[in-house]
Amino acid sequence: MVAPNAPDFSLAGRRAIVTGASRGIGMALAGGLAAAGADVAICGRALERLDACRRAIAATGRKAVPFALDVRDSDAILPAFTAATAELGGLDLLINNAGIEQVRPSLEVEPALWDRIVDTNLKGAFFAAQAAARLMPPAGGAIVNVGSLTSAVGVPTAAPYGASKSGLLGLTRALATEWAGRGIRVNAIGPGYFRTELTELFYQDPAWCQTMLGKIPAGRFGALDDLVGATVFLASDAARYVTGQMLYIDGGYMASI
Ligand code: NDP
């Protein structure tokens, strides 16, 4: 009898781009990919803010390629990814993480705020995926979009954000079906509650913290490292037949509502 092969979670030899890697979830995911063996190009709007992430990647012994990019500038994405890919020596993985949020009652949302959020979280992710797909080798690659609980759940005062993240789920499914034949898998993670600059205001409110903790079956907020395993899995060959899915990483929140 032939012994079964162990699943291959390694990213050794892979080349990745992570958007929005200057802090928070993007920085954790970039470091996690590097720890799993990938060389990682990282971007954010300001080159100098990428230095901590660059050092974290370098500490794993992998190559770090920082570059400045505002993902709202659709025309700038392909040239920036092309240059980063040249430095990496190829491109196998994209983590579409760059995202912003500004809570506001929907009656007070002005078009500029809508555009800022949707252009970053959804339009930016689409054109980053398009650029990556053009640069990936004929054998294909993997894209992981960073969605949210609001990809599936309504949250008051978060209409533009929820629309962008629900759209990202639709985008994940559409691209997964369209690009499966090219060997490009497209999945998403849906983080639950993680304390970062994006969400810091909420965490300064003890009443909010207590209420939310009561709704999370695991009884704690997420730690950034909690997101790494699922992302590495979706990026790796262990997930070679997984595409078009969103994996919630939320301590059981989605299962409980
Ligand atoms: P942070 O605000 O800590 O980080 C956001 C990152 O995105 C920064 O690196 C920022 O870099 C970058 N960024 C923002 N706008 C742009 C842009 N236009 N172009 C390029 N980069 C940009 O937030 P989080 O780490 O919390 O969020 C990361 C992702 O995770 C987002 O998509 C968010 O929606 C999602 N998420 C977060 C959750 C949480 O609980 N924290 C829950 C669910 C989803 P810079 O400012 O240097 O440009």
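Analyst: α1 (24–35) and α5 (159–179) each supply at least two residues of the shell around the ligand; helices here are DSSP runs of H or I of at least four residues, numbered from the N terminus. The model is predicted, so local features need pLDDT of at least 70 and side-chain atom pairs pLDDT 80 or more, while totals for chains, interfaces and linings use all residues. Residues are numbered from 1 along each chain as its sequence is written, and side-chain values use heavy atoms, without hydrogens and water.

The ligand has 31 residues around it, of which S22, R45, N97, Y161 and T196 come nearest (near: a heavy atom within 4 Å). This shell divides into twelve nonpolar, twelve polar and seven charged residues (nonpolar: Ala, Val, Leu, Ile, Met, Phe, Trp, Tyr, Cys and Pro; charged: Asp, Glu, Lys and Arg; polar: the others, Gly among them).

Polar contacts are pairs of N or O atoms within 3.5 Å. The side chain of R45 places an N or O atom 2.8 Å from a ligand oxygen. Backbone N or O atoms also take part: that of L69 is 3.5 Å from a ligand nitrogen, and that of G192 is 3.5 Å from a ligand oxygen. The protein buries 97% of the 880 Å² that the ligand exposes when taken alone (Shrake-Rupley method, 1.4 Å probe).

The largest cavity holds about 50 Å³, a volume being the space filled by probe spheres set on the points, which are joined across faces, edges and corners. Its lining residues (an atom within 4 Å of a point) include T19, V71, N97 and L168. Helix α4 (residues 111–135) gives the most to this lining, with four residues. The lining of the largest cavity has four nonpolar, six polar and no charged residues.

Note on methods:
Polar contact = N/O pair within 3.5 Å; in protein donor to acceptor, adjacent residues only side chain to side chain. 1 Å grid on protein atoms, 1.4 Å probe; cavity = no way out; pocket = protein on both sides within 12 Å on 5 of 7 lines; lining within 4 Å.
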